[in-house]
Amino acid sequence: MMQIEEIIRNTTEEEQEKVDWTRAWSARYPVLGTYQKEVDIPRFAAQLRRLLTELQAEYHYQELDAMLVLKDILAHEYMDNRPKKSGYKERG
């Protein structure tokens with residue numbers, strides 16, 4: 001884990017922007033390579049944009065900060081509500 005954390009710390013935003021993250025992650029999670037043909041993206045994008053705008057307005061976040069907060073909330077919501085596995089550590 002420490003190696004991953006170090007890579008994250010040492011990767012610039014310019015380098016991150018060059019990566020096609022959807023393509024990279026779709027090798028592990030194939031749905032990321034196919035959902036664009038199945039999901040009503042504009043519908044979900046509009047709802048996400050509304051949430052981003054609300055976070056920016058209510059908490060005076062910059063857009064990137066609002067996106068990171070929303071992404072973190074979504075990840076915790078998923079982790080906290082999926083079926084529990086043995087050895088799973090809850091957020092505390």
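Residues are numbered from 1 along each chain as its sequence is written, and side-chain values use heavy atoms, without hydrogens or water. Because the model is predicted, local features need pLDDT of at least 70 and side-chain atom pairs count only at pLDDT 80 or more, while totals for chains, interfaces and linings use all residues.

**View 1. Glu63 and Arg49 meet in a salt bridge.** The structure holds two salt bridges (a side-chain nitrogen of Lys or Arg within 4 Å of a carboxyl oxygen of Asp or Glu). Here the N to O distance is 2.5 Å. Glu63 lies in helix α6 and Arg49 in helix α5, so the bridge ties together parts that are 14 residues apart in sequence. Helices are DSSP runs (H or I, at least four residues), numbered from the N terminus. Glu63 is partly exposed, at 41% relative accessible area. Partly exposed falls between buried (under 20%) and exposed (over 50%), using a 1.4 Å probe and protein chains only.

**View 2. Arg50 forms a salt bridge with Glu54.** The closest N and O atoms are 2.7 Å apart. Both residues sit in helix α5, four residues apart, so about one helical turn separates them. Arg50 is partly exposed at 44%, and Glu54 is partly exposed at 33%.

**View 3. Tyr59 and Tyr61 form a stacked pair.** The structure holds two aromatic pairs. In this one, the ring centres are 5.9 Å apart and the planes meet at 25°, so the pair is stacked. Rings of Phe, Tyr and Trp (its six-membered ring) pair if their centres lie within 6.5 Å; planes under 30 degrees apart count as stacked, over 60 as edge-to-face and the rest as tilted. Tyr61 is partly exposed, at 32%.

**View 4. His60 has a positive phi.** The angle is about 55°, although His60 is not a glycine. Most residues other than glycine have a negative phi. His60 lies in the loop between α5 (41-59) and α6 (63-81). His60 is exposed, with a relative accessible area of 68%.

**View 5. Val19, Trp21, Trp25, Tyr29 and Val31 form a nonpolar surface patch.** Together they have about 500 Å² of accessible area, from the Shrake-Rupley method with a 1.4 Å probe, where only the protein chains shown count as cover for residues. Patch residues have over 30% relative accessible area and no salt bridge; nonpolar side chains (Val, Leu, Ile, Met, Phe, Trp, Tyr) are joined within 5 Å, like charges within 9 Å. Val19 lies in the loop between α2 and α3 and is partly exposed at 34%.

Methods:
Helix = DSSP H or I, 4+ residues; strand = E, 2+ residues; numbered from the N terminus.
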